Amino acid sequence: MKIAFISLGCSKNQSDLEYLIGDMVAEKFSIVNTIEKADAIVINTCGFLQSAVKEAIDNIFDVVSKKKKGAKVIVSGCMVERYRDEIVREIPEVDFFTGVGELHNIIDYLKGEDIKKKVKRYYGKKRLLVNPPYYAYLKIAEGCNNRCSYCTIPSIRGGLVSRDMDDIIEEARGLLSSGVKELILISQDTTKYGLDKSGSGLMDLLEKITELDGDFKVRLLYLNPDGVDEKLIDFVANNDKILKYFEIPVQHINDRILKLMNRRSDSKKIKDVFGYIREKVSDAFIRTTFIVGFPSETEEEFEEIATFIEQYKPDYSGFFPYSKEEGTKAFLLNGEVPKRVVRQRISKLQKLQRKITIDRLKMMKKQDIKIFVEKPSEDIPFIFEGRAEFQAPEIDGKTYIIDGEIDNGYGPYIGKIKRVIYPDIYCAIKRSEG
């Protein structure tokens, strides 16, 4: 049986699907890239925001219109977990639904076996990467206990459940032996790893991972600022196997709004974290995110975000309009900010961040950078694209190769930035590393 897959949403969703694909290959299913050739199509959905739900529904009906006669449509993941009863009723074109931690049920369904109530399973032993094989996301926990007032994650994925450390190390060792050069640690809040258990936490995990043999790097994503302390920053600064890259979603900087968001950091904590990183790891790249237009946000409170960006100069920032999500505490708040105002505010922040990012990337022209080459560009004919070490996959722009010899597969290569066209860089390869 031929199976096609569509992965929507975040890297955690992608990891879930990779475990399923590995299991399906072990069960002798064939994987195809074309919907029209598939006997079954699995759409793994995001349900975090209404925009993600719309994207998922659009994909479902696109698949329904393209699939061959008799092919099964299977929908899994966060949207199913959040809206199972409604979508089962409203989308009869789907043959099978299954939620978060239940993707393994798809195999039983396709084999014609009874679907029995099973314990949720988030990891597996036969994972097959769907991205270029020089990097891999490594999920270290499920769920979240932070309970931010705007967030649907706890109702979808539940509370924090840290993954067994030995299991993480075993998977990391296997990924490295298969040729992975970059392990990207992910969870809902990576800093909270181990807090639901007595004993080891994130620092212990990082020590064990970085002690593994091999020439590889570790990237840390989803670091909530309340969990970032000087000890963690110092560890990153002094360990050559950890990339000097911090993704720290702050969401706002005004204390009243942060309290309404039920964030665990106040403005002082956030500024202390950014300031210490800049002091201790001067060459670090920092990525952050902001929610703009949270209920009752005033113009003055919004301007605090702009001031923070000007002063602390994050290298990359994402700006997202507040999304009113049913089932969250923020859903009941008054003081909706008009969409036109939110768009104007985001536009102002984007212009500000654009200049900061361009200036930082132009500074990188002075030094050699490490580059991975992924594939022929889909945007520009006759050249290759990839990313530099200071670019996280999918979110920090692309690296285009405009000169030099690609003779070592994915790389890494040593190169120079020749041009910056936001958010991308255009580079010449000098040599292969190693």
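**Figure 1. The surface of the predicted model.** The protein exposes about 20000 Å², and carbon and sulfur atoms supply 49% of that. Accessible areas come from the Shrake-Rupley method with a 1.4 Å probe, and for residues only the protein chains shown count as cover. This is a predicted model, where local features need pLDDT of at least 70, side-chain atom pairs count only at pLDDT 80 or more, and totals for chains, interfaces and linings use all residues. Residues are numbered from 1 along each chain as its sequence is written, and side-chain values use heavy atoms, leaving out hydrogens and water.

**Figure 2. The overall fold.** Here you can look for 12 helices and 18 strands (DSSP runs numbered from the N terminus: helices are H or I with at least four residues, strands are E with at least two). The radius of gyration is 22 Å, close to the 22 Å that the globule rule gives for 434 residues, so the protein is as compact as a globular protein of that length. That radius is taken over C-alpha atoms, and the rule is 2.2 Å times the number of residues to the power 0.38. Along its principal axes, the C-alpha trace spans about 60 × 60 × 50 Å.

Figure 3. Asn13 sits in helix 1, residues 11-26. With 1% relative accessibility, Asn13 counts as buried (under 20% relative accessible area; exposed is over 50%, partly exposed in between, with a 1.4 Å probe and protein chains only). Leaving aside residues up to four places away in sequence, Asn13 touches Ser7, Leu8, Asn44, Thr45, Cys46, Cys78 and Arg157 (contact means heavy atoms within 4.5 Å).
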